[in-house]
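Please read them with the sequence and the coordinates open side by side.

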Amino acid sequence: MTFPSLPQDTQRHSTANRRADALMDEDVAWNEFTDDRDGEQFEREERAALRRVAGLSTELEDVTEVEYRQLRLERVVLVGVWTSGSAQDADNSLAELAALAETAGAMVLDGVIQRRDRPDPATYIGSGKAQELRDLVVETAADTVVCDGELSPGQLIHLEDVVKVKVVDRTALILDIFAQHAKSREGKAQVALAQMQYMLPRLRGWGQSLSRQMGGGGGGGMATRGPGETKIETDRRRIREKMAKMRREIAQMKVGRDVKRRERHRREVPSVAIAGYTNAGKSSLLNRLTGAGVLVENALFATLDPTVRKAETPGGRSYTLADTVGFVRHLPHHLVEAFRSTMEEVGDADLILHVVDGSHPVPEEQLAAVREVINDVGARDVPEIVVVNKADIADEVILQRLLRTERQAIAVSAHSGLGMDELLALIEERLPHPSVELEALVPYTEGALVSRVHEEGEVLSEEHTGEGTLLRARVHPELGASLERFAPATRP
Ligand SMILES: Nc1nc2c(ncn2[C@@H]2O[C@H](COP(=O)(O)OP(=O)(O)OP(=O)(O)O)[C@@H](O)[C@H]2O)c(=O)[nH]1
Ligand SMILES: [Mg+2]
């Protein structure tokens, strides 16, 4: 499946801004939400009931599938609540939501932002504004509203009641993109686990709606409980069982990866992890540095499965270079949890290349969002080089600002190759040095050992003598042990 390119449509953005202005005034009546039912709700209950039937009639695997297939969005309107920061921040956040929606395959028709202290506990935006949003939905013939945040199950339902089309939140959208992009068995399992975690509390919404429909609703025992609710209990239990099974499977897959990683450790091959915000150019950088041929796409989260490639410093030392999952602001917590084992690659690295898109209006926000996750997976102490990418199209002022404020930063372009030699030299400099320094006179019959010193260690000097190769080098302890017997006889 291919994804549409990111929104270049300035027309749409200006429409979105106008809309945003129109809705920007403080909504004073934010707590006027009441639970009055006026008959309109049946429409929503009907929709919920329809979705429910689709889920009921199939196996549990299909509940997940059905629910997420329905997220294949068509015509969407975006809505955000702006609680803090500048108007520009709010616009950027909505522009990012637009990019996410388009990556998921949706057509973005319009976007609105409401300024308020906090999201409305009942309907996310204020109830008055929700009505205006309903008008916008009708006017644009949208079939879905996407909210720029994580909504409670109740908020989703109440807002659906007002706008009368499907409402999804940022979390569901990101989960959906991840589900579309995961390729490996481990990646797919991780996403499925996160989806189930997200769905679990949201099944309750259907339960309430069904019990109301059935005239239930009280806290009665078995006898008064509607059949729908019983079914939901069964579903919940089965989802929990499936989640437990999934966790076990993921833990097993992790064992395989850990073994490989331990092997690299034993041989002390240094590891470099490429981390960074989604679409920053991480895969492009990996390709440029190693010719790896990893999928590059102008879409968010093109890469979900970590690719590890072998690379060499200009001096000939081997190291591994790993491409990783991109980060995004407000990455759903379930996903961080689910991808924890993958993210541990970053925590375990000897060096992080933190790639940031220099052509973004505020790259600092992306740097901060990524560092939050890096800290979260316990990689705080791993040395970092900030690689400011897309220098070919970046604003010079922003580039200079980043290079000034970041401790160790370098401007590059994965496209043009600008800065690559400097970056390679910098990586070599920052890689950890092997711990054993020694001198060895290796006979010419042991050429393989000399090659290993070049590949796995650092050669400080090399001299070809009558008796063999005289090396001064830094190597890891294991290789040091193999070289012990060739220690040159100490001269008097
Ligand atoms: N102009 C310019 N574009 C670049 C550069 N590097 C990458 N891009 C473009 O940026 C987009 C994203 O590149 P990727 O390498 O897929 O980014 P990524 O960080 O791996 O993205 P995800 O895997 O989706 O998180 C693609 O359209 C690239 O062609 C660069 O140096 N200059
Ligand atoms: Mg990528």
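1. The buried residues of helix 10 are covered by elements that include strand 5 (271-276), strand 6 (307-312), strand 7 (318-323), strand 8 (351-357) and strand 9 (384-389). Helix 10 spans residues 282-290, and its buried residues are Lys 282, Ser 283, Leu 285, Leu 286 and Leu 289. They lie on the same side of helix 10 because they cover an arc of only 160° around the axis, the arc being that of the directions from the helix axis to the C-beta atoms. A residue is called buried here if 20 or more other C-beta atoms lie within 10 Å of its own, exposed if 12 or fewer, and partly exposed in between, with C-beta atoms placed from the backbone.

2. This is a predicted model, in which local features need pLDDT of at least 70 and side-chain atom pairs count only at pLDDT 80 or more, while totals for chains, interfaces and linings use all residues. Residues are numbered from 1 along each chain as its sequence is written, and chains are lettered from A and ligands numbered from 1 in the order in which they are written.

3. The protein has 17 helices and 13 strands; helices (H or I, at least four residues) and strands (E, at least two) are DSSP runs, numbered from the N terminus. Of the 492 residues, 39% are buried. Among contacts between residues at least 6 apart in sequence, 69% join residues at least 24 apart, a contact being two C-beta atoms, placed from the backbone, that lie within 7 Å.

4. Six strands form an open sheet of mixed pairing, in the order 6-7-5-8-9-10, where two strands pair if DSSP finds at least two bridges between them. Strand 6 and strand 10 (409-411) stand at the edges with a single partner strand each, so one side of each has no neighbour in the sheet. Within this sheet, strand 5 and strand 7 pair in the parallel sense over four bridges, and Ala 273 stands opposite Ala 322 in strand 7. Helix 14 (residues 396-405) packs on the sheet, touching strand 9 and strand 10, and its direction makes about 155° with that of strand 10; axes are lines fitted to C-alpha atoms, for helices over the stretch in contact, and angles run from 0 to 180 degrees between N-to-C directions.

5. An open sheet of four strands has the order 2-1-3-4, with parallel pairing. Strand 3 (residues 144-147) and strand 4 pair over four bridges, and Val 145 stands opposite Val 167 in strand 4. Helix 4 (residues 87-103) packs on this sheet, touching strand 1 (75-82), strand 2 and strand 3.

6. Which residues have the most contacts inside the largest nonpolar core? They are Leu 78, Ala 101, Val 145 and Val 387, in a core of 94 residues; a nonpolar core is a set of buried Ala, Val, Leu, Ile, Met, Phe, Trp, Tyr and Cys residues joined through C-beta atoms within 7 Å. This core draws at least three residues from each of domain 1 (10-181) and domain 2 (268-430), with bounds that come from an automatic or database domain assignment.

7. Pro 363 lies in helix 13 (residues 363-376) and is buried, because 25 other C-beta atoms lie within 10 Å. Not counting residues up to four places away in sequence, Pro 363 touches Val 356, Asp 357, Gly 358, Ile 398 and Leu 402.
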